[in-house]
Amino acid sequence: MAKVKMVINAAHQKSKINKEIYGHFSEHLGRCIYEGIYVGEDSKIPNTRGIRNDVVEALKEIKIPVLRWPGGCFADEYHWKDGIGPKENRKKMINTHWGGVVEDNSFGTHEFMDLCEQLGCEPYIAGNLGSGTVQEMAEWVEYMTFDGVSPMAELRRKNGREKPWKLKYLGIGNENWGCGGNMRPEYYADEYRRYQTYCRNFSGNQLYKVACGPSGADYHWTDKLMQGIGNQAHAISLHNYTLCGNDWSDRRHATGFDESEYYKVVYFAHETEKLLVKHCEVMSKYDPDHKIGLIVDEWGTWYEVEPGTNPGFLYQQNTMRDALVAAIHLDMFNQHSDRVVMANIAQTVNVLQSVLLTEGEKMIKTPTFYVFKMYRGHQDATLVDSFVENKAVGCAGDLQVPSLSQSVSISADGKLMLTISNCSLQEAFDVDVNLIGFDAKGVKEAEILTNAMDAHNTFENPDAVHTEVFSGYTLKDGHMSIQMPCCSIVSITLE
Ligand code: AHR
């Protein structure tokens, strides 16, 4: 087994890893909201006010901190007043963006806020700038957050909610360079300024306003946006999906891939790092003090849909390869947590890189779910300095990728957490860790997720991939050695 060195310097504490980095995104798309989260009160599937109990329990297990809704591209076509009041009066319409199916608006603001309350997570609302009005967005904020006497507060009370909700995160539009209006950054920045002006802080509620940032490597958008918004935003967003190549046509199947495709996807997962570095550089030109955060509010793998499913539903399986993509991204977000304040994987249930998949009353946890569970100890901890020696791996003649990815944090109660993954399909590594500035008494918890690159859970075999207790380490006199098998992810908590 090849030996590599790792150094952890716990004396060098860096940025706080906001728990919101472990956030999720759910859209009115395919079977995400309807079936995946909301089944209605009359469903035989166990639910609380229409929301699936199994899904809520599973998301609580990974400590979901924040949930973004209602889109995505759906957000800039969504008119929130269609989704309030008695369900029988709510408008039925076509979801023109996703699959052309009927949207009956039975899941609206009250249901979403109920979901967040059941989950104990922060709501993150994406407002409609593309096809809505300033008044509509301003009134939505008033409806949700105003405690006094006003038309919107009265309407909320009439609809059964006396007290306002707390709403922190508000996105002012989604992908306004594309499905959110095909705008130029200069124009969007002006629109952003106008819309956000009227989104008020009511009744002690403090909004955290997010401007629509770039897609992938569009540094021009970031530059013009940052120049245009001045100090009027708390954060800007970034959307980046992991494909099997550089182009949208480079989408392949979620399962049944060969080693070359496996490594390509891992390679493009690592490419996200370049985007973070370069977008942060552009942001620092206008905001050297890091007052404005970067929110990666859509990320994850995007493959061909599963055979026989609606192409507009974006339903895909999830394998060990996706688990590695998740581990690489989460380590990367931790490492850049001085600027990355939130991230939302796309999407929670039944769409793209989901943590859960459902079929009728059945629900399975994907390999990506287990990564979120293994990494939950990083939430709100402080990043510490770490370095690992890396070897490039991959198929001969193809793109090569670093074998190991890692991040380390220290929690408020003094526990040190290390997450490390090995994407190599050929080589196991013996990681020799030099632990500085932390007097390790012992290992509190150690888990591993490992399997074949294509291994996944199905409704017939729901437990094929799952975490196990990890014993492949030794710890003595400040030295730890970790045996990392091929295609594996490990988390170790020291106390
Ligand atoms: O997550 C699917 C879609 O991807 C979202 O609706 C959109 O914002 C992005 O292009």
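Guide: Start with handedness: a crossing is right-handed if the near helix is turned clockwise from the far one by less than a right angle, and left-handed if anticlockwise. In this predicted model, helix 8 passes helix 9 in a right-handed crossing.

Visitor: Which residues of helix 8 and helix 9 make the contact?

Guide: On helix 8 they are Met320, Asp322, Ala323, Ala326, Ala327 and Leu330, and on helix 9 they are Pro367, Thr368, Val371 and Phe372. Sorted by class, this contact has eight nonpolar residues, one polar and one charged.

Visitor: Which quantities describe two packed helices?

Guide: The angle between their axes and the distance between the axes. For helix 8 (residues 320-335) and helix 9 (residues 367-374), the angle is about 30 degrees and the axes are 7 Å apart. Because angles under 35 degrees count as roughly parallel, helix 8 is roughly parallel to helix 9.

Visitor: At what angle do helix 3 and helix 4 cross?

Guide: Helix 3 (residues 134-145) and helix 4 (residues 151-158) cross at roughly 55 degrees, and their axes come within 8 Å. That angle makes helix 3 oblique to helix 4.

Visitor: Is the crossing of helix 3 and helix 4 left-handed or right-handed?

Guide: Right-handed.

Visitor: Which residues meet there, and how do they divide by class?

Guide: Glu139, Glu142, Tyr143, Met144 and Thr145 of helix 3 meet Pro151, Met152, Ala153, Leu155 and Arg156 of helix 4. The contact of helix 3 with helix 4 divides into six nonpolar, one polar and three charged residues.

Key
Residues are numbered from 1 along each chain as its sequence is written. This is a predicted model: local features need pLDDT of at least 70, side-chain atom pairs count only at pLDDT 80 or more; totals for chains, interfaces and linings use all residues. Side-chain values use heavy atoms; hydrogens and water are left out. Axes are lines fitted to C-alpha atoms, for helices over the stretch in contact, and angles run from 0 to 180 degrees between N-to-C directions. Helices (H or I, at least four residues) and strands (E, at least two) are DSSP runs, numbered from the N terminus. Angles under 35 degrees count as roughly parallel, over 145 as roughly antiparallel, 65 to 115 as roughly perpendicular and the rest as oblique. Contact means heavy atoms within 4.5 Å. Ala, Val, Leu, Ile, Met, Phe, Trp, Tyr, Cys and Pro count as nonpolar, Asp, Glu, Lys and Arg as charged, and the others, Gly among them, as polar.
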